[in-house]
Amino acid sequence: MARRKIKKLNNRKKSMGVFDFSAYKPIFKYLKESDNYIAIVFGLFVFFFSIGFIFPYIAPQESLEPIIKLVQEWVRDILEKTEGLGFFSMWWFIFSNNASMAFFSILFGVFFGIVPALFLISNGVFVGLVSGLVLPVGGFSVLWKLLPHG
């Protein structure tokens with residue numbers, strides 16, 4: 001009798017455990033059904049990243065100057081906001097920024113997905129542009145630091 005109770009308790013622990021992937025089956029099924037959409041969004045990001053990345057190399061100098069100044073102002077503004085922040089404060093700054101962008105994407109995504117598409121385009125171009133500008137100065141290793149921001 002006691003063995004049955006222990007076995008039943010162990011089975012219950014296994015089904016409630018972290019490694020019980022049966023609870024995640026609907027999520028995996030949804031991701032599998034959405035794989036074409038995920039690939040399209042990823043492809044669009046890579047496309048706009050590429051545009052931003054090659055822009056400093058192909059743009060005429062007179063059109064590149066104002067864009068570089070604008071990017072420098074954005075970076076300076078972010079550095080001022082994050083100056084002196086510790087690890088957790090920096091983590092909270094990044095998390096709250098990403099959460100607010102995700103919230104606005106969901107909120108305004110109802111309108112034909114225009115706002116999330118604009119966020120995707122601007123993020124791809126901006127990260128690509130910064131990557132293209134930083135690569136000659138800092139080398140390839142700097143790109144690994146920018147990778148999570150895409």
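What follows is a friendly conversation about a predicted model of a single chain.

Student: What percentage of the residues in the chain is buried?

Tutor: The chain has 150 residues. A residue counts as buried when its relative accessible area is under 20%. By that cut-off, the buried share of the chain is 15%.

Student: And among contacts between residues at least 6 apart in sequence, what share joins residues at least 24 apart?

Tutor: Contact here means heavy atoms within 4.5 Å. Taking the contacts in the chain between residues at least 6 apart, the share that joins residues at least 24 apart is 58%.

Student: Now to α3. Which helices do its buried residues pack against?

Tutor: α3 has 24 residues and reaches 34 Å from its first C-alpha to its last, close to the 34 Å expected at 1.5 Å a residue. Its buried residues include Phe45, Phe48 and Phe53, and Gly52 and Pro56 are buried in this helix too. The helices that the buried residues of α3 pack against are α4 and α6.

Student: Let's turn to the second largest pocket. Which helix gives the largest share of its lining?

Tutor: The second largest pocket holds about 180 Å³ of space. Of the 10 residues that line this pocket, the closest to its centre are Phe49, Ser131, Leu143, Leu146 and Leu147. At least two lining residues come from each of α3, α6 and α7. The largest share, 3 residues, comes from α7.

Student: How many charged residues does that lining have?

Tutor: Sorting the lining of the second largest pocket by class gives 8 nonpolar residues and 2 polar ones. The number of charged residues is none: the lining has no charged residues.

Student: Ser131 is one of the residues closest to the pocket centre. Which backbone oxygen lies 2.7 Å from a polar atom of its side chain?

Tutor: Ser131 lies in helix α6 and is buried, with a relative accessible area of 1%. Leaving aside neighbours within four places in sequence, Ser131 is in contact with Phe49, Phe53, Leu143 and Leu146. The backbone oxygen 2.7 Å from a polar atom of the Ser131 side chain belongs to Val127.

Student: Is Leu147 buried or exposed?

Tutor: Leu147 sits in the segment after α7. The C-alpha atoms of Leu147 and Val127 are separated by 8.7 Å, with the two residues 20 apart along the chain. Exposed means over 50% relative accessible area, so at 56% Leu147 is exposed.

Definitions and conventions. Residues numbered from 1 in each chain as written. Predicted model: local features only at pLDDT ≥ 70, side-chain atom pairs only at ≥ 80, totals over all residues. Heavy atoms only, no water. 1 Å grid on protein atoms, 1.4 Å probe; cavity = no way out; pocket = protein on both sides within 12 Å on 5 of 7 lines; lining within 4 Å. Points joined across faces, edges and corners; volume = space filled by probe spheres on them. Helix = DSSP H or I, 4+ residues; strand = E, 2+ residues; numbered from the N terminus. Nonpolar A, V, L, I, M, F, W, Y, C, P; charged D, E, K, R; others polar. Expected span 1.5 Å × (residues − 1). Buried < 20%, exposed > 50% of the residue type's maximum accessible area, 1.4 Å probe, protein only. Polar contact = N/O pair within 3.5 Å; in protein donor to acceptor, adjacent residues only side chain to side chain.
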